[in-house]
Amino acid sequence: MAAVSSRVHFLGIGGSGLAPLARIALARGHLVSGSDQEPSARVEALRALGARVRTGAAPGPAALAAELAGVDVVVASSALGDDHPEVAAARAAGVPVRRRSDWLPELTAGYQLVAVAGSHGKTTTSAMLTLALRAAGADPTAVIGAEVPQLGGGGALVGSGELFVLEADEYGGAFGGLDPALAVVTNVEWEHPDLFPDEAAVRAVFTAFAARIRPGGVLVACGDDPGVAAVLSTLAEQPGGGPRVVRYGLGDGLTWRAADVTTVDGTTGGSAGSQELSGIPGDAPAVVTRATVLRDGEPVGTLRLALPGRHTVLNALAVLAVTSELGMPVEAALSALAGYTGAARRFQHVGSADLVSAGGSVEVIDDYAHHPTEIRVTLAAARQKAAGREVWAVIQPHTYSRLAALLDDFAVSFGDADRLYVTDIYAAREHDDLGLHATDLAKRVRSPAETSYVGWGELPERLAADLPGHDVLLLTLGAGTITELGPRLLALVTAAT
């Protein structure tokens, strides 16, 4: 962070993008203030750390001017336009305004930056990597797009070492000014259609990101992903051929590869379950993923994960590749990965309830998945974890533009669910100007056959009425307020029993 910026004011300080940056500023001894539209747990946590935060609508010009007095720099969320009253007030007062994309290069200057990018999987990969590096004594600084309980929560970690692990986001060009020493690209797929008109546009920004890797640096890339392959092909055509590339995945011929991937249900007991759970924390999820890890075709160890899913294995392989490049022994990285218990809203166990009087049970898992690919892999992981139970899903589509652009893909993404509930679209930063409704998705879904639209306000009661007589693993999917559904449902069914 720039030394001259002793007082930093964050607009949208409670968001997942800026809250970790505010935490790092506080840890470095800066005076931190800010504003946010709504009260939240993130805001309260920042207040407890010493930040002065106002919530609610922007006040009048005089109050805004007083709020900005003494501020050295304003860091504004990309969700706030240049005409936002607080952005305009800062500029009128002569206070420099930085977007997150402008601030990140300043924040990471002087570090050996490890930037983790990709259309999906950034958060889990960044969290796993930070945990592994910390276990190895590297004491990294990190910014992650979700709270990670094992790292103290808050999405930020301030260390004394030379490494900075950054979840590098393509949205709004946030990773455009970075110069990483080492970068990860997990996958490249059309996402954020409000910004990128097609897949070619997404591939172009990832190519530009990878091209900014410092001379002598390394790109760790998923060798299974066609979007990544297209980026690598374009990089190879550029002068100098781009950075050195280390590929990982499940396919043949890759530097880092996982073979014989299996899933063991630790709740069933027996020698297999006990063996796979050894070395994994007792409070970790019971389902364990196991694989043999190969480097250049030679076995180097056994990967054990306390989370299900092929995508989780791929994320772990990326971590093994990165830590190896940084000089960490494979055995130490495997041990750290075995103890990883997850990040908030990434296949997060919310709670369980037995429907004693009516028969049946429900376990609720909450996941941030809001893209067709994310939904497919999350449901596949849920099918593994369900162990014979029914898998039900509730999807809250996230933004009108995404649903419109990917409607056909969404419609075929729920095949691993036995029942699907589609609820109202979460608008986020958008307005309903496309004539879309959640029922447009519900009508197109053919599998599962039991698919229905249920309005947001009716969901808890509808689910509570449908659950009796069923043993269900219920997934709440989306990047909006859907995360509130699980606790409400569990409270409702618990009260009923």
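## Two helices in contact

T124, T125, M128, L129, A132 and L133 in helix α6 meet T312, N315, A316, A318, V319, V322 and T323 in helix α10, where contact means heavy atoms within 4.5 Å. This is a predicted model, in which local features need pLDDT of at least 70 and side-chain atom pairs count only at pLDDT 80 or more, while totals for chains, interfaces and linings use all residues. Residues are numbered from 1 along each chain as its sequence is written, and side-chain values use heavy atoms, with hydrogens and water left out.

Helices (H or I, at least four residues) and strands (E, at least two) are DSSP runs, numbered from the N terminus. Two packed helices are described by the angle between their axes and the distance between the axes. The axes of α6 (residues 122-135) and α10 (residues 310-325) cross at roughly 45° and come within 9 Å. The two helices are therefore oblique to each other (angles under 35 degrees count as roughly parallel, over 145 as roughly antiparallel, 65 to 115 as roughly perpendicular and the rest as oblique).

Four aromatic pairs are found in a search of the whole structure. Rings of Phe, Tyr and Trp (its six-membered ring) pair if their centres lie within 6.5 Å; planes under 30 degrees apart count as stacked, over 60 as edge-to-face and the rest as tilted. The F175 and F206 rings form an edge-to-face pair, because their planes are at 80°, with centres 5.4 Å apart. F175 is in the loop between β9 (163-167) and β10 (182-185), and F206 is in helix α7 (residues 199-211), 31 residues apart.

F175 also pairs with F209: the ring centres are 4.5 Å apart and the planes are at 10°, so this pair is stacked. F209 lies in helix α7 and F175 in the loop between β9 and β10, so the pair ties together parts that are 34 residues apart in sequence. F175 counts as buried at 3% relative accessibility, and F209 at 1% (buried means under 20% relative accessible area, exposed over 50%, partly exposed in between, with a 1.4 Å probe and protein chains only). F206 is buried as well.

## Arginine residues

R346 lies over the face of Y368, 4.3 Å from the ring centre. R488 lies over the face of W456, at 5.7 Å from the ring centre. A charge sits over a ring if NZ of Lys or CZ of Arg is within 6 Å of the ring centre and within 35 degrees of the ring normal.

R402 lies in helix α13 (residues 400-405) and counts as buried at 1% relative accessibility. Not counting residues up to four places away in sequence, R402 touches E191, H192, P193, H370 and F410.

Definitions and conventions. Axes fitted to C-alpha atoms, helices over the stretch in contact; angles between N-to-C directions.
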